[in-house]
Every structure is written in structure tokens, then in C-alpha cells.
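Dear colleague,

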Amino acid sequence: MIKVYYFVDKVRIDLKSKDFYLPHADHTLDKYNKQYLSRGLAAILLHYSLLGGRKPLRRRAFQIKAEVEFVNADEAKKLVAVEGYAVVDVRDKTQFERAHIKNCCHVPLFVENTDNDLGTIVKRQLHNNFAGLFFGLPFTKPNPEFVQSVKSQFSPESKLLLVCQEGLRSAAAAQRLEGAGYDNIACITSGLQTVKPGTFDSVGSKELQDAGKAGLVIIQGKISAVLGTVLICALLFVTFFPDQAEQLLQMFPSS
């Protein structure tokens with residue numbers, strides 16, 4: 001028979017004598033049938049048989065951690081309308097002003113970097129000549145007050161829907177808030193760029209899905225659309241009106 005004794009400060013097992021010492025157990029199993037042995041005791045016995053009984057059993061602390069919920073745009077709308085999630089927009093100021101969800105809370109994960117040390121000045125100039133010029137992205141740095149700003153407006157028990165343009169910043173923000181004790185967090189997969197017009201009531205000069213588009217890329221896209229239309233029209237003209245097309249070509253002197 002396996003005997004269970006009461007010891008407060010340790011857990012010990014002796015396979016030879018079949019004595020099993022377990023904290024907070026002040027009775028023996030002699031009067032119980034073996035089939036009522038718990039799986040936990042069986043697992044400990046197996047563990048010690050594999051180790052040869054040489055190593056002491058160590059207490060381990062287990063923590064159940066909530067996972068961030070990633071949802072699509074329609075599911076996000078339901079979280080806000082039905083389950084009472086508050087929308088927290090973590091984008092920078094420029095994208096937020098172009099378009100944002102009505103009544104959301106703006107707490108940027110990154111803020112504009114206005115530092116004037118030599119290294120920052122060089123980085124800012126390089127950024128403005130490339131990413132800033134072509135994509136309209138501001139030169140930013142991590143917001144050191146992000147978590148504190150959220151805490152000042154929402155308790156750790158609050159249900160928060162974090163949104164950004166592509167989904168990367170909201171995932172990073174969710175990780176930081178998890179570390180601060182927030183358990184009810186959701187993010188839109190791939191961000192607001194996947195939100196169709198009309199899904200949320202929005203404020204701004206653009207649709208939510210277009211708030212990230214700026215810079216020369218916009219102009220380049222318009223020029224490409226115009227040129228593509230001209231080329232298609234020219235191809236159709238040559239195909240259906242070959243004689244007229246040939247006459248037009250003869251009007252231009254050959255080199």
C-alpha cells in the first residue's frame with residue numbers, strides 16, 4: 001500500500017518502501033481503493049520512477065495568461081456594438097487625422113521625433129528623403145507614455161479593441177498592455193486597411209482603408225492610371241481602326 005503522511009515543508013517519495021509524503025495530506029490511502037488515486041499522484045510516481053528517486057520534487061508556479069484576440073472587421077464591429085469594447089487607435093497623428101473611427105480614443109504607440117542631436121538629425125533627413133517623401137510617413141519614435149496614457153483612461157479590466165493601419169502596431173501595443181495587466185484585448189487582423197467603407201462610422205477626409213496612403217505614391221498611382229488608360233485606348237484604336245491609325249502615323253516624320 002502507498003501511505004500518505006502529513007509534511008508541511010517538503011514532498012518526498014521512497015519507492016523502496018512505497019511511502020509517499022505529500023504536503024497537506026493528513027490521512028492514509030489504506031482505506032481507499034487504488035482506482036481512486038488521482039492522476040496527479042500517478043504522474044508524480046511516474047516522474048520519480050524515471051528519475052530513479054534521486055531528485056527532489058520542486059514546486060512550480062503556473063500562470064494562466066489570456067491571449068490577444070485577432071478578429072476581422074465585421075467581428076470587430078460586433079465587439080464594439082454588442083460586447084462593449086472601447087476602440088483605441090494607436091496610429092500616429094497624421095494617419096489618425098486623415099480618418100479614424102468615430103468616438104475612438106487616440107493613444108499613439110509612436111510619436112513624432114523632434115530630437116535635435118546629430119544622429120537623429122541625420123536619420124530624420126534620410127527618412128524625409130525616402131519614406132517620408134514617397135509614402136508620407138512621419139519620422140517617429142516609441143511613445144514612452146503609451147501604457148501610462150492608456151491606464152489614465154482605462155482600467156485593466158476594460159475591454160479594448162486596438163486598431164492601426166496594417167495591424168503591426170496594434171499587435172505590438174497589445175503586447176505592451178498585456179504586460180501591464182490588461183487581459184481583454186482584441187486587434188483587427190491586418191488593420192484598418194481591410195475595413196470596408198461603412199463598416200464603422202468614421203471621421204476624416206478619407207476612408208479608413210485609405211488613411212495610410214500619402215506622398216508621391218499617390219501621385220504616381222494617378223499618373224500610372226492615366227497612362228494605362230491612354231495605352232488601352234490607343235491599342236483599341238489600332239485594332240478596330242487600322243487605316244486611320246496608319247494615316248495618323250504617317251503624319252509624324254520618321255527619324
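Which residues does Arg 169 touch, not counting residues up to four places away in sequence? They are Val 90, Arg 91, Asp 92, Gln 95, Leu 109, Phe 110 and Cys 164, where contact means heavy atoms within 4.5 Å.

Before going further, please note that this is a predicted model, in which local features need pLDDT of at least 70 and side-chain atom pairs count only at pLDDT 80 or more, whereas totals for chains, interfaces and linings use all residues. Residues are numbered from 1 along each chain as its sequence is written, and side-chain values use heavy atoms, with hydrogens and water left out.

Arg 169 lies in helix H7, residues 168-179 (helices are DSSP runs of H or I with at least four residues, strands runs of E with at least two, numbered from the N terminus). At 15% relative accessibility Arg 169 counts as buried (under 20% relative accessible area, with exposed over 50% and partly exposed in between, for a 1.4 Å probe and protein chains only).

In helix H2 (residues 73-81), Ala 73, Ala 76 and Leu 79 are buried. Because these residues cover an arc of only 115° around the axis, they sit on the same side of H2, the arc being that of the directions from the helix axis to the C-beta atoms. Their cover includes strands S4 (69-71), S10 (160-163) and S11 (185-188), while the face turned away from the buried side carries the exposed residues Asp 74, Lys 78 and Ala 81.

Ile 185, in strand S11, is buried with a relative accessible area of 3%.

Best regards
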